[in-house]
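Welcome! Please take a moment to look over the sequence and the model, then read on for a short tour.

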Amino acid sequence: MAKNILLVVKDVESAKQLSQRLVTLKYHVAGHAQICKQALRMAAQLAPDLILIDIRSDAVVEQIDEASTIRSFGEIPVIFLADCLDNAILNRARMAGASEVLVKPVDDRQLMASIEVALYRQAWEHKIKESEERYALVDQANNDGIWDWNITTGEFYFSP
């Protein structure tokens, strides 16, 4: 099944070109927003598997900060496409929860690999979360105490 991708690209022509590339790579473009605030509303309706955000060089900081609200909406992976990349942009993108930051122009193989890795990582994080929830239920149902000692770090864990 094709994965649904929500695009956030201000320039309509660039969005069309990127959309065509994604369709060629066998992805489904669920929708196109021009700004992150619009994408947030669309994400609630469309439930995309991934959000791809084209960051304009004239508004990098603002766009990354806005994108952090999208990431807080749910566990949707976010990939940024940037004109340039420096440590400040990379750190800000990381703090916003970006799965990856790609520097344009991005070839199709790199784009596809980044999308697949982000989706794979999200699937594993979901499985880990489910496993932790099951463990917590077992821990709550158990009348015994559980403890764990990490010999390397010296840290202890004691169940409530």
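How many nonpolar, polar and charged residues does the lining of the largest pocket have? The lining has 6 nonpolar, 2 polar and 3 charged residues. Nonpolar here means Ala, Val, Leu, Ile, Met, Phe, Trp, Tyr, Cys and Pro, charged means Asp, Glu, Lys and Arg, and the others, Gly among them, count as polar.

This is a predicted model, in which local features need pLDDT of at least 70 and side-chain atom pairs count only at pLDDT 80 or more, while totals for chains, interfaces and linings use all residues. Residues are numbered from 1 along each chain as its sequence is written, and side-chain values use heavy atoms, with hydrogens and water left out.

**The largest pocket**
- About 190 Å³ of space lies in the largest pocket (a pocket is an open set of points on a 1 Å grid over the protein atoms alone, where a 1.4 Å probe fits, with protein on both sides within 12 Å along at least five of seven lines; lining residues have an atom within 4 Å of a point).
- Helix α1, residues 12–24, gives the most to this lining, with 4 residues (helices are DSSP runs of H or I with at least four residues, and strands are runs of E with at least two, numbered from the N terminus).
- Among the lining residues are Arg21, Asp54, Lys104 and Pro105.

**Backbone features**
- Lys104 and Pro105 are joined by a cis peptide bond, with omega about 0 degrees.
- Pro105 sits in the loop between β5 (100–103) and α5 (108–141).
- Lys26, in the loop between α1 and β2 (28–33), has a positive phi near 75 degrees.
- Most residues other than glycine have a negative phi, and most peptide bonds are trans.

**Salt bridges**
- The count comes to 3 salt bridges (a side-chain nitrogen of Lys or Arg within 4 Å of a carboxyl oxygen of Asp or Glu).
- One of them pairs Asp108 with Arg21, whose closest N and O atoms are 2.8 Å apart.
- Asp108 lies in helix α5 and Arg21 in helix α1, so the pair ties together parts that are 87 residues apart in sequence.

- β6 and β7 run antiparallel and are joined by 4 bridges (strands pair if DSSP finds at least two bridges between them).
- Trp149 has Phe156 in β7 as its bridge partner.
- The hairpin has 4 residues between its strands, and Gly154 in the turn has a positive phi of about 80 degrees.

Terms used: Points joined across faces, edges and corners; volume = space filled by probe spheres on them.
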